[in-house]
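Student: Please take one part of this model and examine it closely, in a single connected account. I would like each criterion stated where it is first applied.

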Amino acid sequence: MSNQKTEIQLINLTKKFGNIIAVQDVNLEIYHGEFFSLLGPSGCGKTTTLRMIAGLEEPTEGEIYLAGEDVTYKPAHLRNVNTVFQDYALFPHMTVAENIYFPLKMKKMKYSNARSMIEEALTLVNMTGFGKRYPQQLSGGQRQRIALARSLVNRPRALLLDEPLGALDFKLRIAMQKVLKDIQKNVDITFIYVTHDQTEAITMSDRICVMKDGVIHQIGTPDEIYNFPASPFVASFIGDMNFLEGQVIQKGEDTIFIDIEGKHILSSRLMGNFSLGDSVVTCVRPEKIGLDKVCRKEFQNKFENHFQASIHRIVFRGTDYEITLKFGQSEIRLIESASEFNDKKIGDQLFIGFRKEDVITFLKEYKKVYDYETNLDR
Amino acid sequence: MKLTLTGNLNTKPRGKPSFFSKTKIGIPIIIWLFLLIIIPICIMLVTSFYIKEGSVVVKKISLKNYLEFFINPIYLPIFFRTLLLALLVSLTSILLGYPLAYLVSRKVKRFRNQLYMLVIVPLWVSYLVRIVAWRTILGRVGVLNSILLSLKIIDEPLSIFIYSPFAVYVALIYIALPYVFISIFNSLEKIPQNLLDASADLGANSFNTFLHVILPLSMPGVISGFTLAFVIALGDYIIPQQLGGLNGLMFGNLIVTQFGYAFNWPLGAALGFIMFTVAVVILLISQKFGSSEGFLE
């Protein structure tokens with residue numbers, strides 16, 4: 001994000017397939033040179049949005065601007081954006097070099113002139129020497145690189161990536177994430193990246209747009225999305241989160257007290273306007289929760305909220321333990337590193353504590369937009 | 001315990017099934033193939049070297065029948081005319097069948113299946129019935145003449161439509177078209193939508209997408225359609241008999257004559273074997289060109 005020049009702007013973009021609303025009233029501004037992710041569960045409209053930017057899908061309503069030009073109804077082949085498809089979409093009857101030559105040929109460039117550009121594109125994705133092979137002779141990761149080279153050889157204004165790493169195995173995906181990020185830095189092209197993998201979005205993006213059911217829930221940097229989720233859905237979809245339900249019992253300037261199972265929890269990250277007696281959903285990230293056997297003075301000073309709970313479940317995860325504690329009917333999960341675990345057992349009574357800044361509170365009626373399924377996905 | 005686990009889990013050598021297990025599945029097919037195809041062809045080949053003296057077939061090996069094909073002025077011209085006609089029929093069938101298949105496969109959304117069925121439906125009607133139907137279209141008092149008469153384009157019915165190579169040509173195309181259509185349609189259906197999306201995305205307009213993506217990827221279907229039409233047209237003798245008249249005679253008719261009227265089976269077998277060889281050569285050539293089949297599995 002060297003400068004804040006707008007590359008792509010979506011205004012009130014809506015797409016309906018029959019009666020189904022795939023994308024609803026999407027407003028977005030994507031800046032030049034940005035790595036921008038569209039993140040959401042499957043069916044959230046992120047791919048449809050991407051296809052509308054590419055020109056492969058015509059919007060029902062709204063406008064699309066590319067570098068200031070209205071391209072809403074411009075056919076795909078005239079738009080200066082290229083797409084990397086999830087299943088690569090390499091032409092099977094062409095060699096790797098011919099595949100990369102294809103967009104240049106469409107620009108009426110002679111093969112002899114395009115040669116150096118093809119070589120350059122192959123070098124960019126670290127696939128020099130593969131020009132004469134056919135796509136069928138390549139592995140998944142290699143095909144993905146060729147698809148990338150083919151989309152970049154034209155130097156588009158923006159590169160649209162539709163879950164490009166979805167078909168690769170875990171290790172290859174991690175490696176390709178680095179490759180993609182490096183390439184993006186090298187070419188100074190806006191990347192719009194569609195994914196359902198929140199880790200991928202957080203590690204790679206400059207900004208993320210979280211979508212669900214065709215609606216944007218939040219746009220922000222990975223840090224903002226993670227630490228200041230705008231809705232319970234965003235809170236549940238990105239990272240791990242504890243959800244607790246309670247009532248507002250006391251209201252301060254920018255803090256509220258919430259009664260959860262008789263415990264009084266202080267929250268200072270308020271997402272909405274609250275009145276006394278409101279039903280609320282309170283979120284705390286597991287890694288923000290501290291654990292102490294005796295509730296020492298330092299512990300009390302560090303955490304405004306601290307109370308006793310009993311260990312209900314312990315899951316060993318390699319480098320750490322996930323401990324679930326129970327108080328009343330509510331459960332709360334936290335992460336304890338293996339070195340500090342010290343033989344804790346189920347049934348142990350311990351003190352948990354967390355700071356008021358780490359308690360994010362939403363109105364309960366907002367709850368309908370998040371579901372626990374997304375928690376199971378991870 | 002651990003050591004035993006890392007030991008020989010696969011004691012059976014893999015990847016080399018015994019000859020028996022490899023072939024036993026194929027045995028019924030091999031029997032079928034021998035009984036119905038290979039043995040009859042061998043009998044035909046052997047018979048083609050016998051000669052007919054008077055009214056008896058003498059089992060003496062001779063090249064007389066094959067020489068007859070080259071020497072007798074009847075055979076070669078009709079043979080080449082038949083090849084040319086088969087070529088024209090298959091080319092025309094491709095030219096007519098491709099747009100039709102493209103239309104049904106790519107352009108039509110509603111009534112797509114109905115259109116497909118409409119092209120296929122003639123195959124349910126007996127071949128002979130369909131040929132005779134063409135007589136009512138092309139005949140002197142047929143549909144075509146009636147239309148032209150009522151439009152006052154001609155004053156009296158024309159007899160040029162029927163009993164001519166043209167009639168044979170038209171009817172052969174009619175017979176071959178559904179086969180050509182099916183094979184091109186299937187190859188068009190196999191092309192994934194995302195390749196067309198990618199093509200548009202990379203700057204190709206619909207013409208260039210057709211030229212550089214759809215056409216090359218549908219070539220296997222075109223080639224197999226061409227082969228089918230060619231083989232159908234090459235061996236047909238009913239259509240020339242019913243619609244061809246004297247000038248529309250084809251090589252198949254000459255073979256039928258040897259078997260059915262002249263009772264010269266050795267000569268008929270020799271002529272038949274010549275045509276069989278041509279068909280095999282065409283199939284081999286098209287297989288070589290059609291080897292691109294593996295692009296879209």
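Tutor: Two strands are taken to pair if DSSP finds at least two bridges between them; strands (E, at least two residues) and helices (H or I, at least four) are DSSP runs, numbered from the N terminus. The model is a predicted one, in which local features need pLDDT of at least 70, side-chain atom pairs count only at pLDDT 80 or more, totals for chains, interfaces and linings use all residues, and side-chain values use heavy atoms without hydrogens or water. Residues are numbered from 1 along each chain as its sequence is written, with chains lettered from A and ligands numbered from 1 in the order in which they are written.

Strands of a sheet pair through backbone hydrogen bonds, either parallel or antiparallel.

Within the sheet, β1 (residues 6-17) of chain A runs antiparallel to β4 (residues 61-66) of chain A, and five bridges join the two. Among the positions of this pairing, Thr14(A) stands opposite Glu61(A), while Ile8(A) has Leu66(A) as its bridge partner.

Leu66(A) also stands opposite Glu69(A), a residue of β5(A). The pairing of β4(A) with β5(A) is antiparallel and spans two bridges. These two strands form a hairpin with two residues between them, and in its turn Ala67(A) has a positive phi of about 50 degrees.

Another hairpin of chain A may be set beside this one. Strands β12 (residues 256-260) and β13 (residues 263-267) of chain A run antiparallel and are joined by five bridges. Ile260(A) in this pairing stands opposite Lys263(A) of β13(A). Two residues lie between the strands of the hairpin, where Glu261(A) takes a positive phi near 50 degrees.

Side-chain contacts of chain A come next. A salt bridge (a side-chain nitrogen of Lys or Arg within 4 Å of a carboxyl oxygen of Asp or Glu) is formed by Glu163(A) and Lys46(A), with an N to O distance of 3.5 Å. This pair links distant parts of the chain, 117 residues apart: Glu163(A) belongs to the loop between β7 (158-162) and α5 (170-187) of chain A, and Lys46(A) to helix α1 (residues 46-54) of chain A. Over all chains, the count by this rule is 23 salt bridges.

A cavity is a set of points, on a 1 Å grid over the protein atoms alone, where a 1.4 Å probe fits but cannot get out; lining residues have an atom within 4 Å of a point. Points are joined across faces, edges and corners, and the volume is the space filled by probe spheres set on them. The structure holds one cavity of 30 Å³ or more, and the largest cavity has a volume of about 50 Å³. Its lining consists of Tyr226(A), Asn227(A), Arg269(A), Arg285(A), Lys288(A), Asp358(A) and Ile360(A). By class, this lining has four charged, two nonpolar and one polar residues, where Asp, Glu, Lys and Arg count as charged, Ala, Val, Leu, Ile, Met, Phe, Trp, Tyr, Cys and Pro as nonpolar, and the others, Gly among them, as polar.

Conventions:
1 Å grid on protein atoms, 1.4 Å probe; cavity = no way out; pocket = protein on both sides within 12 Å on 5 of 7 lines; lining within 4 Å.
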